Amino acid sequence: MTAKEVLQLIKEKKIQIVDLKFNDFPGTWQHFSVPTHELTEEVFEEGLGFDGSSIRGWKAIHASDMLVFPDPDTATLDPFNQRPTLSLLCNIKDPITKESYNRDPRNIALKAEAYLKSTGIGDTAYIGPEPEFFIFDGIRFDQNSHEGYYHIESREGIWESGRNDFANLGYRPRHKEGYFPVPPTDALQDIRNEMILTMEQLGIVIERQHHEVATAGQAEIDLRFDSLTRMADKVMMYKYVTKNVAQKHGKTVTFMPKPLFGDNGSGMHTHQSIWKGGKPLFAGKGYAGLSDMCLHYIGGILKHAAALCAIVAPTTNSYKRLVPGYEAPVNLAYSSRNRSAAIRIPMYSASPKAKRIEVRFPDPSCNPYLAFSAMLMAGLDGIQNKMDPGQPLDKNIYDLPPQELKKVPSVPSSLDAALKALEKDHEFLLKGDVFTEDVIETWIEYKTKSEFDAVRLRPHPYEFFLYFDA
């Protein structure tokens with residue numbers, strides 16, 4: 001869609017408000033809105049000014065002026081605002097130099113796609129994520145100098161089976177038994193259906209939706225694959241739709257990886273492949289029908305996995321999901337069968353077009369622009385350096401003797417360890433100026449001070465159980 005076509009759409013649909021959306025550094029949508037008369041063809045070419053000083057991870061207050069440039073291809077009608085509203089995703093530029101802002105996550109994704117083309121390896125990176133999330137009835141939490149708690153409310157949570165303060169009709173998935181009962185045990189079918197139909201109205205192709213393994217409303221909605229930046233755009237809209245549909249029904253959605261103790265966490269298995277000239281490049285005659293290029297791509301992901309975790313599993317809570325022994329994909333190996341391996345080769349179809357890899361350790365708390373870009377850069381580094389991924393891990397992890405299991409490396413055990421790995425290993429991200437030293441340094445500093453240290457310094461409620469009588 002062109003700028004002229006966007007302006008024509010505004011007239012045809014009698015749009016009253018234009019909502020301009022962009023990503024902060026950690027990965028949350030920000031926005032401001034303007035009346036339609038403020039959106040002109042010149043805005044698409046010259047941008048609109050705004051104050052970026054309060055955006056997380058962005059410029060300091062003494063250099064806060066920024067420009068948003070709406071991308072006309074992202075125009076959609078917002079399904080949730082009372083007034084007819086057109087939504088536009090934006091790229092960020094510096095008002096002085098007019099250069100794309102290096103900390104703008106969407107700019108990083110666009111640069112990753114441009115770098116892929118510049119290598120001659122391929123022209124399109126296709127991404128197909130499977131974000132998981134929880135639909136709760138309510139959440140309360142607080143932490144201060146003398147107390148700290150959280151309380152999750154879920155009518156579908158198995159722990160509510162004994163309550164007598166409402167009409168308790170039973171039918172709840174037990175822990176680890178939410179995959180996939182029919183209603184009434186699955187109490188959220190209609191809400192998930194509304195979510196996927198809303199997404200399809202916005203041009204997001206959905207493959208399926210279902211209840212996930214955990215009790216208390218864990219869900220998954222799978223997106224049809226698309227090119228890297230477009231898919232990151234869709235993941236942001238996915239989060240926007242699920243949260244707003246849930247709120248419409250008096251419920252709340254979280255993409256926090258591990259909100260429940262003792263049950264499955266939420267991951268974001270990410271399917272990926274490279275194409276060139278309309279032809280798939282990952283199909284071949286090697287293991288599981290893979291090409292040498294694909295195996296080298298896997299080698300790059302595995303080599304840089306520890307550093308990647310700082311970007312694709314970027315919260316302290318991520319490492320409560322990535323725990324050995326709980327079916328989590330913590331083992332840095334690849335397999336066509338083993339779902340505890342970090343990389344799986346889907347075998348649903350023999351078609352070369354369907355040949356892809358599934359990276360299983362990312363989770364939906366990540367910034368999709370940064371996560372998809374970082375994985376592509378790691379895979380390209382593997383291709384360029386012909387990295388050997390080693391032998392596939394087709395054995396049952398839980399049957400391996402301890403000495404053999406020790407030989408299988410695993411993902412970092414904490415956000416701190418992942419950030420230290422990124423500090424040591426990020427040269428592959430700097431190729432093509434996709435990520436910059438400033439971006440890496442800012443990411444590590446922000447995540448360390450604002451998240452890891454912030455959690456590390458606070459007493460944990462379970463510590464009182466362990467140590468109060470010491």
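Which element gives the most to the lining of the second largest pocket? Helix α5 does, with five residues. The model is predicted, so local features need pLDDT of at least 70 and side-chain atom pairs count only at pLDDT 80 or more, whereas totals for chains, interfaces and linings use all residues. Residues are numbered from 1 along each chain as its sequence is written, and side-chain values use heavy atoms, with hydrogens and water left out.

## The second largest pocket

The volume of this pocket is about 380 Å³. Its lining comprises 18 residues, of which D73, T74, R230, D233 and K234 are the closest to the centre. Two or more lining residues come from each of α3 (105-119) and α5 (228-248). By type, the lining divides into six nonpolar, five polar and seven charged residues.

Several terms apply here. On a 1 Å grid over the protein atoms alone, a pocket is an open set of points where a 1.4 Å probe fits, with protein on both sides within 12 Å along at least five of seven lines; lining residues have an atom within 4 Å of a point. Grid points are joined across faces, edges and corners, and the volume is the space filled by probe spheres set on the points. Ala, Val, Leu, Ile, Met, Phe, Trp, Tyr, Cys and Pro count as nonpolar, Asp, Glu, Lys and Arg as charged, and the others, Gly among them, as polar. Helices (H or I, at least four residues) and strands (E, at least two) are DSSP runs, numbered from the N terminus.

Strand β1 (residues 17-23) is largely enclosed by the rest of the structure, because six of its seven residues are buried; buried means under 20% relative accessible area, exposed over 50%, and partly exposed in between (1.4 Å probe, protein chains only). β1 pairs with β6 in the parallel sense over five bridges, where pairing requires that DSSP finds at least two bridges between two strands. β1 also pairs with strand β2 (residues 29-35), in the antiparallel sense and over seven bridges. In that pairing, I17 has P35 as its bridge partner. The two strands form a hairpin with five residues between them, and G27 in the turn has a positive phi of about 125°.

S87 belongs to strand β6 (residues 85-93) and stands opposite D19. With a relative accessible area of 2%, S87 is buried. Beyond its neighbours within four places in sequence, S87 is in contact (heavy atoms within 4.5 Å) with D19, K21, T74, A75, T76 and M237. The side chains of S87 and K21 are joined by a polar contact of 2.8 Å. Such a contact is a pair of N or O atoms within 3.5 Å; within protein, one must be able to donate a hydrogen and the other to accept it, and residues adjacent in sequence count only if both atoms are side-chain atoms.

Strands β8 (residues 138-143) and β9 (residues 148-153) run antiparallel and are joined by six bridges, and a hairpin connects them through four residues. Y149 in β9 is the bridge partner of D142.

The loop between β9 and α4 (189-201) contains F180, as well as P184, Y171 and K176. Y171 is exposed at 56% relative accessibility, while K176 is partly exposed at 44%.

| Site | Feature | Angle |
|---|---|---|
| Y179 and F180 | cis peptide bond | omega about -20° |
| P183 to P184 | cis peptide bond | omega near 10° |
| Y171 | positive phi, residue other than glycine | phi near 55° |
| K176 | positive phi, residue other than glycine | phi near 65° |

Helix α7 (residues 305-312) is largely enclosed by the rest of the structure, because seven of its eight residues are buried. These are A305, A307, L308, C309, A310, I311 and V312. In helix α9 (residues 368-384) lies D381, which is buried at 7% relative accessibility. Residues up to four places away in sequence aside, D381 touches H304, M387, F428 and K431.

Five of the five residues of β16 are buried. Both faces are covered, with N331, A333 and S335 on one side and L332 and Y334 on the other. β16 and β17 run parallel and are joined by three bridges; N331 has A341 in β17 as its bridge partner. R337 lies in the loop between β16 (331-335) and β17 (341-344) and is exposed, at 64% relative accessibility. Between R337 and N396, the C-alpha to C-alpha separation is 9.2 Å, although they are 59 residues apart in sequence.
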